[in-house]
Amino acid sequence: MSSRRSASPDPLAGTGAGPVAVLVVTWNSAEVLPEFLASLPKGMAGLDWRLVVADNDSADGTVEVVRSLAPDATVVQTGRNAGYAAGVNAALAAAAGWEGGFRAALVCNPDVRMREGCAALLVDALGEVRPGGGRVGISVPLLYEEDGRTLLHSLRRESSVTRALGEAVIGNRRAGRFPHWSELVTDPAAYGRETVADWATGALMALSGECLAACGPWDESFFLYSEETEYCLRARDLGFVTRLEPSASATHLGGDSRVSPRLWSLLTVNRVRLFRRRHGLAATTAFRAAVLLRESSRAALGRPASMAAVRALAGRPAPYGAP
């Protein structure tokens with residue numbers, strides 16, 4: 001698969017000083033959408049906002065749910081299961097067509113439930129110039145599991161060979177306490193302050209209009225997983241930082257990547273693909289070997305997701321959406 005970004009027209013032509021665009025990508029999301037839609041007024045309190053739903057050819061009545069419960073929403077039907085990045089781009093393009101454009105975008109999963117005022121806090125953080133350099137182009141909240149109490153470790157460091165090796169040998173949660181040995185940030189103090197991270201999980205993130213205009217479309221060659229990583233790192237390359245706003249919070253009902261062999265395989269393969277984009281062959285070979293060691297050790301314990309990831313890394317077969 002080509003490593004080029006989507007060749008579609010710039011979805012941000014017309015970005016301006018209008019409302020905040022709430023962008024949601026759906027695929028068979030009818031079950032979680034009603035509660036999401038009901039939670040938006042409190043989560044978006046204090047902001048002028050409009051909703052855009054990009055639907056990737058759902059077969060469960062998702063579009064009908066949106067049109068019934070949110071009749072003022074802009075609905076974009078991609079006509080195919082186009083992937084998450086393609087859905088985000090379709091939603092951005094629709095919002096860019098509004099009279100006056102939009103001033104910032106809130107990209108969120110339909111299984112996120114924002115707490116009151118969450119979005120305003122995230123949007124207010126955008127544009128701040130950091131003491132160490134860089135302007136906040138992406139802001140993220142604290143995320144909690146479905147119980148509303150268990151904090152999710154949503155901050156990440158950029159992939160490296162030593163971090164992949166540390167995760168393989170001692171596990172990402174234990175290694176997460178040491179910056180050189182894990183991508184995962186597990187230090188509790190990092191979640192209690194305005195922490196700048198290399199990237200953050202993409203369940204809920206606010207993006208400034210300036211950052212969006214500079215970075216352009218999301219990379220559609222990543223069908224699912226690593227698209228938010230690539231975008232955050234690309235933004236960082238252009239001088240925009242990703243920052244946690246600890247006063248903002250939301251609940252994330254979660255996905256099934258950790259229990260679905262197919263999705264875990266896709267996540268694992270895309271990590272290696274993205275690393276290859278940013279590093280040479282020798283470093284990528286070492287990184288892939290470290291990732292393979294991690295998944296092989298867990299496969300040996302009988303974990304189906306890791307077994308599938310090992311097969312995918314070996315090319316037997318590649319998961320849907322991977323090269």
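**A tour from confidence to packing**

Begin by colouring this predicted model by pLDDT, which averages 90 over the protein, with 91% of the residues scoring at least 70.

Now move to a pair of helices. Two packed helices are described by the angle between their axes and the distance between the axes. Select helix H5, residues 161-170, together with helix H10, residues 281-299; they pack at an angle of about 10 degrees, and their axes are 8 Å apart. Because angles under 35 degrees count as roughly parallel, H5 and H10 are roughly parallel to each other.

With both helices still selected, show the side chains where they meet. From H5 come Val-161, Ala-164, Leu-165, Glu-167 and Ala-168, and their partners in H10 include Ala-283, Ala-286, Phe-287, Ala-290, Val-291 and Leu-293, as well as Arg-294, Ser-297 and Arg-298. Coloured by class, this contact of H5 with H10 shows 10 nonpolar residues, one polar residue and three charged residues.

For the last stop, select Thr-195, which is found in the loop between helix H6 (172-175) and strand S8 (196-197). Is Thr-195 buried or exposed? Its relative accessible area is 11%, and since buried means under 20%, Thr-195 is buried.

Terms used: Residues are numbered from 1 along each chain as its sequence is written. This is a predicted model: local features need pLDDT of at least 70, side-chain atom pairs count only at pLDDT 80 or more; totals for chains, interfaces and linings use all residues. Side-chain values use heavy atoms; hydrogens and water are left out. Axes are lines fitted to C-alpha atoms, for helices over the stretch in contact, and angles run from 0 to 180 degrees between N-to-C directions. Helices (H or I, at least four residues) and strands (E, at least two) are DSSP runs, numbered from the N terminus. Angles under 35 degrees count as roughly parallel, over 145 as roughly antiparallel, 65 to 115 as roughly perpendicular and the rest as oblique. Contact means heavy atoms within 4.5 Å. Ala, Val, Leu, Ile, Met, Phe, Trp, Tyr, Cys and Pro count as nonpolar, Asp, Glu, Lys and Arg as charged, and the others, Gly among them, as polar. Buried means under 20% relative accessible area, exposed over 50%, partly exposed in between (1.4 Å probe, protein chains only). pLDDT is the predictor's confidence in each residue, from 0 to 100.
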